[in-house]
Amino acid sequence: MTSLVPHVVNGLTLGLLFALIALGFTLIVGVMEVINLAHGSLFTLGAYLALSTIGAGWFSGTPFGIWWLDLPMASRYFIGLALGPVLAGAAGMLLELCLRPTYGKAPLYGLLLTFGAAIVVEEAIRLIWGTGEQNMPVPQMISGAFLMGGLIFSTYKFYAAGFAIVAILMVWLFLERTPYGAIIKAGAHDSEMVRALGYDLARLRLIVFGFGSALAGIAGMVMAPIWGLRPHLGIDVVIPAFLIIVIGGVGSFWGAVAAALLVGMATGITGAYAPAWSLMSMYILLIAIVGFRARGLLGRRSALEN
Amino acid sequence: MITLSDIPARGGTPFTLPMALFVAILATAPFWLQWVGLYQYLGVEIAIWILFAMGFNLLFGYTGLHSFGHGAYLGIGAYGFGLFQHGVAVSLWGGLLAAILAATVAGAIVGAFLSHRRGIYYALLTIGFGQVFWFTAMKLHWLTGGEDGLLNIPRPDLVIGPWRVNLNDNAAFYWFVAGITAVAVVLMWRVVNAPVGRILQAIRQNETRARFVGYDVWRWKWLAFTVSAAFAGLAGGLFAMAQQSAYPDVMSLHQSGVIVMMVLVGGGLVSFWGPVLGVILYFIARDVLGGLTEAWLLWYGLIFVVMVMVRPEGLAGLIHTMARRAPPAVAPAAKPETV
């Protein structure tokens, strides 16, 4: 049994990282009932933007670029960590503006529009950064590996998992303990009443979408050193995010977190026995859970069912 | 916004003007394709995808069930054809039957899981199943050849009585595919304009009400999915012949999304002919835009996004609205005289 421990640890960290990926996705689904298939592309976009920030990007060769590259890696890294998500959030806001004509129609249109947007963003990334795989550098202090119980673990993964815990708690506190969170949740619950109370719902949606997209960008930045960066990463990312939402139940915050841990564990433990099939386990999990519980673990009734 | 039901269904003969036009275009394509700057193989591809899109639209447009994993059944059909040629016998009809059968069985099993679901959960489960099939095709090396797929699938000769036609000839192969597509389209026309088609449309408009009227909604949804998968399987068998290989790429989520895009852009939500228009537009866009720029998919994606925003009823809806707008332009002018 001892041989299973590293796989469980791996599965748990993977689960936390999945939760980080799904965080922005669940926020947008919960509040706006839009399945944002462009989530993965915004994730990738955020990571690429951060990569360009760290490596001076288009300024390389100019005096500014040379000065920039002289700065310590860590400071460039943290500026990238801030800038990538902000720009991804701006792209998300643009997407929300495009989504406006689809509100009030069947949820299919939102799904289709974001699918189109996903393709557009992916192709744009291919055009700007090229098709090859790129590596995201990591500052010295959080890279490397360590030994635990005779097994090698990557330090960065643990930092990333810790970061995921902090991010999950912060989003939860934001939703539960601030007046803005209350308005967002009220908007999800009864948008007409929120509008009647005088809140600008259009702006609220814009902000939520931007925030959700920024979370996607953060997740992209954090995950890029682990998974590598390639233009079609988006589709590899949006699928787990989306399985997690369905397994957890649409609109449930802790349902999504629980589902993410479950999916991570399933992937990690399958990896112990049949590494080639480890990604398959999440689909089996989806079919098993949704086959029996139509609304996932903790889901509530949603307009998306109509 | 207009819907499919606004374009009235006609019972009786499928030999309408659009059908005649469609068959005429399909039949004459080899004579003018090269003349307009396209190539023979494109005709084969378009005919196969029309077949696929037609079957898909039975589910998507008519029944209102949004499958985002439909590429899987095309792929299963392709593997079915290929495995039959390699493992059982080199036979044209046997291979195509195997393709249809494989996709139908897969569709029937998946449909049984899906048919209790509605709306977005239905769509999500189709993605889940689609990914399972895609992943299996990628990993089951001994059976499917993994990522490279099955190679060297033969194109058996077509034997009708004393005639033997070599389908390795591109023109002959085109006629063969076009013939099957034409038959399938006529068949589909009959299905959607029969009472079955009405029931499926009733389910799209209001599933609860259809159930209260007394239809066994589960069974009809299951049937629509299975028939749709069978069409995809046939298209897949032909696709394996065309490519002389079968590979998992067509089963990916990306490809499954592309078929949704094609059908929507063409106007599958509002018209029987929507999928045909959509497929033609997609392949012409691929070749024309693709000739101009590497990033043609970027432009096609942008067109798609704008289309969903301003005109979700697609090309067919646009044509329909324009055709309908033309007569009333005369009518208001006549009105004052009668008052």
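A crossing of two helices is left-handed if the near helix is turned anticlockwise from the far one by less than a right angle, and right-handed if clockwise. The model is predicted, so local features need pLDDT of at least 70 and side-chain atom pairs count only at pLDDT 80 or more, while totals for chains, interfaces and linings use all residues. Residues are numbered from 1 along each chain as its sequence is written, and chains are lettered from A and ligands numbered from 1 in the order in which they are written.

**Stop 1: a helix pair in chain A**

Select helix 2 (residues 39-54) of chain A together with helix 5 of chain A; helices (H or I, at least four residues) and strands (E, at least two) are DSSP runs numbered from the N terminus. Helix 2 of chain A passes helix 5 of chain A in a left-handed crossing. Their axes, lines fitted to C-alpha atoms over the stretch in contact, are 8 Å apart and form an angle of about 25°, on a scale from 0 to 180 degrees between N-to-C directions. The two helices are therefore roughly parallel, a label for angles under 35 degrees.

Now display the contact residues (C-beta atoms, placed from the backbone, within 7 Å). Helix 2 of chain A contributes, among them, A:Leu42, A:Leu45 and A:Tyr48, and helix 5 of chain A contributes residues including A:Val121, A:Glu122 and A:Trp129. By class, this contact has seven nonpolar, three polar and one charged residues; Ala, Val, Leu, Ile, Met, Phe, Trp, Tyr, Cys and Pro count as nonpolar, Asp, Glu, Lys and Arg as charged, and the others, Gly among them, as polar.

**Stop 2: the contact between the chains**

Next, select the 37 residues of chain A and 32 residues of chain B that make up the contact. On the side of chain A that touches chain B, helix 5 (107-129), helix 10 (233-248) and helix 12 (280-292) each supply at least two residues. The largest share, 15 residues, comes from helix 5 of chain A. This side has 30 nonpolar, four polar and three charged residues.

**Stop 3: two positive phi values in chain B**

Move to B:Asn152, in the loop between helix 6 (141-144) and strand 1 (158-160) of chain B. Its phi is near 55°, a positive value in a residue other than glycine.

Finally, select B:Gln244, in the loop between helix 10 and helix 11 (253-266) of chain B. Phi of B:Gln244 is also positive, near 55°. With 15 C-beta neighbours inside 10 Å, B:Gln244 counts as partly exposed.

Definitions and conventions
Contact = placed C-beta atoms within 7 Å. Parallel < 35°, antiparallel > 145°, perpendicular 65-115°, else oblique. Buried ≥ 20, exposed ≤ 12 C-beta atoms within 10 Å, placed from the backbone.
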